[in-house]
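Here is a short briefing to read alongside the model.

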Amino acid sequence: MLGLMQDQPLLISGLIDFAERHHADVEIVSRRVEGDIHRYTYKDAAGRSRQVANALDAMGLQFSDRVATLAWNGYRHFELYYGVSGSGRVLHTINPRLHPDQIAWIANHAEDQVLCFDMSFLPLVQAVHARCSTIRQYVALCDADKLPADTGIPGLVSYEAWIGQQPSSYHWPSFDENSASSMCYTSGTTGNPKAALYSHRSTTLHAYAAALPDVMSLSARDAVLPVVPMFHVNAWGIPYSASLTGAKLVFPGPALDGKSIYELIEAEKVTYAAGVPTVWQMLLGHMKPAGLKFSTLKRTVIGGSACPPAMIAAFNDDYGVEVLHAWGMTEMSPLGTLCTLKNKHQSLPDAEKMKIRLKQGRSIFGVDMKIVDAEGVELPWDGKTYGDLHVRGPWVVREYFKGEGGSPLVNGWFPTGDVATIDADGFMQITDRSKDVIKSGGEWISSIDVENIAVAHPAVAMAACIGVAHPKWDERPIVAVVKKPGAEVTREELLKFYEGKTAKWQIPDDVVFVDAIPIGATGKMLKTKLRELLKDYKLPA
Ligand code: ADP
C-alpha cells in the first residue's frame, strides 16, 4: 500500500518561490566587483531569476544544457543559481583560481553553452575563449554601460542587457527531481578534474539538512555571510539553505581581505559566517592589532581544511563567537559532518569541550559513515583506531560526470581519501588526507596534528607538515613555517615547543622557515607544490 500524500518533486525553483512568497522583503546584500554595496530583496531576486530563465529559453537552450559561471559571491550569481537550475539547465560553477588551461579543459568537458563571468575575470576569459569550443554566448555580469567596447570576445553581452529585455514572469517547469541541477569539478590535484553532478533532489535534501540546528542552524533570524565561494561546491549549500529559511544573505564579492570582511559583518549585522581557515586567519589578523570586536556575529562554520585549535580558541575566548568545525567534500554536496556538542557534554570543563570541538564532528542525517582497514574491514569507533573513511547517502556521488574514473564506489560506499577516527559518540576526526599522512616506522603521524601545534606558537602564521624519506623510518615529518610579520622564533625554540604536546616520535625532525606556503584553488595548502619546492631538502644528520 502506498502512502496517500501529494507527490511533488523536490525542485530548486521551489526554494526561490518559497523565499519570494514568505520572505519577500528580506534583504540580499552584495559587495560588487565595482566596490559599492548593492541591496535588494528575495522578491527582486526571484523576479530576476525568472528573467534569466526567459533569456535561456530565448537562446533555445535545451533541458540539461550547461551554463557556466566564473563569478564571485554576489546577487547576479545567486540569480543564475536559480534561473539556470530552475529552468531545467545545469549550472556549472567554475573555480576561477584554476589554471587557464584547466578552465578551458573543464568548459569543453562539460560542453558549456553559455559562460557568465564577473568583470574581474575578463582577462581570463579573453585568454581562454578561443579554446572553448562549445560556448556560444558570453555574458559579462555588469551593467550595459560598463561593458568595454572592444574585448575581442565575439557576441559578448552585458548581463543587464541580456536579461533586461526579458519578462519577470515565468512558469518554472516541473520535472523528475533526480534531474541534474548543477555541477562542480574537483580540484584535480592528481590527474584531470572530475565533476560531481548534483541533482534537484540531492540539493534540496542537502539544503534541508544544512539548516538543521545541529548543522548550520540557519534561521529567519540570521544574517548569513558565505565567504566560502559560490564557485566551489555551491558555497556549502548556503544559497539554497538561506532561501529555505529566509535568512538575510550577505555576499562579500571579491573583497575577502580581513578589513573588508570585518566591515561587512559589522555594517550588515551578520550573525553567522562560513569560510575556510585561511580566510578567518586574515580576518583575525586584521582585528587583533586594531583591538576590534564583533557586535553581532555569533557563530562561524569553519571547514575545507582542519581548523587549528588556536583559531577555535581565539574566536571563542577573545570574540565570543562559537566555531562549528565542519567536514565535507565536493563529492558530498559538500556537508558530511559538523561538530556540535551533545547534551551530556554541556557540563564538561572547557578543556574537555575543546577536545571535542577540534574534531570534525558528527554525521548529519543523510550521511552514513564508517572507517575501514586496507582489506575493507570495518574498524571500531573508539576514537583511537584510524582507517579509511567511507560515506554513503542521498547527496554523495554515485559516479562522476561522463563516467570519468570508472565507478568510485566500494561495495556501495564512497571512499573519501581521508583517514579518520570515530569515537563512541560518533564524533569523527580527520587524521589526514591518506596521501599526506606520514608513515614513520610502521606508525602513522598526522600532519594536521604537527601543524596544529606549530600554529599555536605566537610567532607562527602558517605551518605545513610533510613527510621526507628517511633510511631507517621510511618517512619523517618536517614542518615548513611562515613567521608572523615582525615575529621571531628559532628552529630550536619551535622544536622545544612540541615537547610535552605530542609523543616524542611525532615531533618533527626539522623546521624549515619559508616566505609563503603554496595555496591551491580552494584555499587549501598545496602540499604537492611544497614537496616540489623542498625537493632538494636533506634531513639533518
Ligand atoms: P571543499 O572545498 O568543500 O573542502 P574538496 O572536495 O575540495 O571540498 O576537498 C575535500 C577535502 O578537504 C576532504 O576530503 C578533506 O581532506 C578536506 N577537508 C574538508 N574539511 C576538512 C576539515 N574540517 N578538516 C580536515 N580536512 C578537511
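A residue is called buried when its relative accessible area is under 20%, exposed when over 50%, and partly exposed in between, using a 1.4 Å probe and protein chains only. By that rule R89 is buried, because its relative accessible area is 4%.

Please keep in mind that this is a predicted model, in which local features need pLDDT of at least 70 and side-chain atom pairs count only at pLDDT 80 or more, while totals for chains, interfaces and linings use all residues. Residues are numbered from 1 along each chain as its sequence is written, and side-chain values use heavy atoms, with hydrogens and water left out.

**The ligand and its surroundings**

- The shell around the ligand holds 18 residues, and A326, T330, D418, R433 and K524 come nearest; a residue is near a molecule or strand if one of its heavy atoms lies within 4 Å of it.
- By type, the shell divides into 6 nonpolar, 9 polar and 3 charged residues. Here Ala, Val, Leu, Ile, Met, Phe, Trp, Tyr, Cys and Pro count as nonpolar, Asp, Glu, Lys and Arg as charged, and the others, Gly among them, as polar.
- Strand β14 (residues 322–328) supplies the largest share of the shell, 4 residues. Helices (H or I, at least four residues) and strands (E, at least two) are DSSP runs, numbered from the N terminus.
- An N or O atom in the side chain of H232 is 2.8 Å from an oxygen atom of the ligand, and one in the side chain of H325 is 3.1 Å from a nitrogen atom of the ligand.
- For K524, a polar side-chain atom lies 2.5 Å from an oxygen atom of the ligand.
- The protein buries 91% of the 540 Å² that the ligand exposes when taken alone; such areas come from the Shrake-Rupley method with a 1.4 Å probe, and for residues only the protein chains shown count as cover.

**Salt bridges**

- Side chains of opposite charge can pair when their charged atoms come close. The whole structure has 31 salt bridges, each being a side-chain nitrogen of Lys or Arg within 4 Å of a carboxyl oxygen of Asp or Glu.
- R89 pairs with D57 in a salt bridge whose closest N and O atoms are 2.8 Å apart. R89 sits in the loop between α3 (75–86) and β4 (90–93) and D57 in helix α2 (residues 42–58), so the pair ties together parts that are 32 residues apart in sequence. D57 counts as partly exposed because its relative accessible area is 36%.
- E268 and K248 form a salt bridge through their side chains (2.9 Å, N to O). This pair links distant parts of the chain, 20 residues apart: E268 lies in the loop between α9 (258–267) and β12 (272–275), and K248 in strand β11 (residues 248–251). E268 is buried at 6% relative accessibility, and K248 is buried at 15%.
- K527 and E451 form a salt bridge with their closest N and O atoms 2.6 Å apart. The two residues are 76 residues apart, with K527 in helix α15 (residues 527–533) and E451 in helix α13 (residues 447–455). K527 is buried, with a relative accessible area of 9%, and E451 is buried at 8%.

**E79 and its network**

- A network of salt bridges links R48, R76, E79, D143 and E160.
- E79 belongs to helix α3 and counts as buried because its relative accessibility is 0%.
- The side chain of E79 makes a polar contact with the side chain of Y40 at 2.6 Å. A polar contact is a pair of N or O atoms within 3.5 Å; within protein, one must be able to donate a hydrogen and the other to accept it, and residues adjacent in sequence count only if both atoms are side-chain atoms.
- Neighbours within four places in sequence aside, E79 is in contact with Y40, A45, R48, S49, V52, Y159 and I163, where contact means heavy atoms within 4.5 Å.

**Helix α4**

- In helix α4 (residues 100–110), the buried residues are I103, A104, I106, A107, H109 and A110.
- Their cover includes β3 (66–70), β4, β5 (112–117), α5 (122–128) and β8 (180–185).
- After α4 comes E111, with a positive phi near 60°.

**D214**

- D214 lies in the loop between α7 (200–211) and β10 (223–226) and is partly exposed, at 41% relative accessibility.
- Not counting residues up to four places away in sequence, D214 touches L338, T340 and R362.
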